[in-house]
Amino acid sequence: MEPRLKKKEKTSEVFEGEWRFLQDSFEELKNFISNGYKVPHQTKVNKKMEAYTVVYNLCTKSSSTKGGATTQKELYHRCRNMIKQHLRDNVTEVVVDKTGDALLLEVHKEWKAHNLVARWVRFMFTYLDQYYTIEPQIDNLATMMLRCFHDAVFEKIKSNLRNVVLDNIESEREGNSINQECLRSAIWLFIDMGMATTEVYQEEFENHFLTSTKRYYERLSAQWLGEDGGKWAYLRKTEARMQEEARRADLYLAPSTKGQLLKTLDQALLANCLETCLQDPDAGCQALLKTERNEELGRMYRLFSRVDNGLSTMADIVREYIEKEGKTLNSAFSTGGPADGGEPASTTYIKACLTLHDKYSSLFADYLNNHEEFLKARKTAFETFVNPQQSDAWVLKQRTAGKDTFDVVTASELLSTYLDSLMKKEIESEEQLDSTLDRCVTLFTYIHDKDLFQQFYMKQMSRRLMHNKNDRLRDQERQFISKLKMKMGSVYTTKLEGMLTDQGTTEQQGAHFRNWMSTNDHKLPCDFTPQILTTGFWPAFKHDTLVPPPDMQTCLAFFAKFYDKTTQSRKLTWIHSLGSAVVTKKFTKGPREMSVTTYQACVLLLFNETGIVNAKEAQETLKLPFDEIKRTIHSLAYGKFPVVKPQDDKKTTKAVRESDNFIINEAFTTNSRKFKIPAAVKQERETIIDTNQERRRHVIEACIVRIMKSRHRLKHTEVVTETIKQLSHLFTPEPRVIKKRIEDLIQRQYIERDETDRNEYRYLA
């Protein structure tokens, strides 16, 4: 090969000669493209390398720096003009004449070719990109190539091309097959024409695409809703279209379009028919809850979570439905009908509430992602129906014992009663007990009158601990109290924990007492096990004036003497009503052991002195109120185990009168050698409720004083609001009650009204 450069040639002639070589190289590239890219690969690479060397030499071997810069500028402009000329002569006229799919195919073909040309130019003229186009006012080669195509081709076809693309997308939505490669190439042409920005893509394609998408799916939505059974299938179709459009966006749309596309679908398919879908009587949210179509509910959640107010509206429907189910449970309880399996109505009610809660816990976890909107809805619903007001139609009512009237009861009392029965019976496994207690604590959190629950639970727990000595019960009590403590804090459970502590102390005291008796050579006439109860921990019990029989008095006297020697500054008070005894009697049919209360034991021991006991004389001997004597004798003579009977066989009434005489029922028989005689139950619920109301008065007053002491001056509404806020974890005081407590505190000079503003209070130090 002869050298193309000679020393004697002038610089301009050298430049022109080399430029003709570059033009020839470009022509070869055009031929390579027009022949379907079939020229041998090695030839093409060699030509490119020679062209690269020519450009490099032209730019670096000029006589001066100024000359080098001029050469670079000239090369840049000639290259740009060459590309423009090529596009005008070979591309523009061909593409402009095309329409429909032909336009799409031609654009794909020419854009692919132009990208190859651009790579060729950027390779051959690399030196220009490194040293000439670094100036900010000069486009680099890649941008220059895009700008040339934009001006020569894109500006003339963009409207037609956009319409063809939109038609193809709609055709694909209708289920027709399209050329996705050409479609993607056309869409990305809009993106590339922005030259590193999305402005062209957004103005010339994306906005039009989103508008046409909105119209298409609004039309489709109306069509689906109008079809028979359309509302059942509506959300399925919507979800399928969402997934289809997401795949389409990933396949050939700009990444920034996907989010806006899905938002457009959200508006057209979901937001516009939000109420229609959710409130539909056959396929809406409530209908799905009623028929337990959980998969459909999950789909409804996934879709409407995409829409503003979608989940809040859905959660409101869920709340209303749970409230409805809960109120139905309340009504079923209040009818007072027989419970399944002979269970008390309270047990059936609490079990139904726990089952209802479990049902929605599973639903929320499995299908609704435990979203806070639904958890809040469940909480509100449960708080509504387990805390009814007396004026509500779904108020909880329970038949009054021995009467045809009904008393209003609270969920606090019913839950405590359920736990009482739960603690008394054998549980299959520790896991089962732990699960049940967790569920009960969850239900407890919805109850407003938590202080009332505390009082009922303390009363029932005290009887359990005193009448049942096994370790299993204490472990169960500790387990539940620890769960309560986690929810309510240590202050709430202090007394309950103290009761359990007293049980341990009682065992230690009993052992010490037996050692003391043995050391001092004292003997008791009967077995005796005292229980030490700390006054501050246990419920307040009524003291009595019982004068026990001599054997009992001996036991009490010995223990009192021991207790005085081992303790200081402690007063021992006997609560006989809480005691129990085991009495043995030889009946005609054989001996029997009877577990009885202390009162029952005292009455039975009177028969040791004389075979006949008069009701009035028993009252005078034991020094108990006659009402207590009546209840005790009635339980012995007319209860489940009638171990005594009236002396007068002709007595027809079961009422116990002062003149009635009773004798041992020697003919009494039962299959059990040991049995417990139930005592006549004295209704305590009214006492507990009244005591709790009195306690609330003091709690409210203490809270008001605390608030005023820290704030010094407050308006009436501020005092009421702050008091309710601070006490809401225990109960919700009524404003009228708070006002009454404020008036009482004013009279007792804890606070006073401001002289200038009678609606403002001032704390008195």
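The second largest cavity holds about 40 Å³ of space, where a cavity is a set of points on a 1 Å grid over the protein atoms alone at which a 1.4 Å probe fits but cannot get out. Volume is the space filled by probe spheres set on the points, with grid points joined across faces, edges and corners. The model is predicted, so that local features need pLDDT of at least 70 and side-chain atom pairs count only at pLDDT 80 or more, while totals for chains, interfaces and linings use all residues. Residues are numbered from 1 along each chain as its sequence is written, and side-chain values use heavy atoms, without hydrogens and water.

The lining of the second largest cavity (residues with an atom within 4 Å of a point) consists of K231, W232, L235, A283, L288, E296 and M300. Helix α9 gives the most to this lining, with 3 residues; helices are DSSP runs of H or I with at least four residues, numbered from the N terminus. The largest cavity has a volume of about 50 Å³, and α9 (230-252) supplies the largest share of its lining, 3 residues. K231, L235, A283 and M300 are among the residues lining the largest cavity.

The second largest pocket (an open set with protein on both sides within 12 Å along at least five of seven lines) has a volume of about 1,000 Å³. Of its 29 lining residues, Q390, D449, Q693, R696 and E734 lie nearest the centre. Helix α26 gives the most to the lining of this pocket, with 7 residues.

Note on methods: Helix = DSSP H or I, 4+ residues; strand = E, 2+ residues; numbered from the N terminus.
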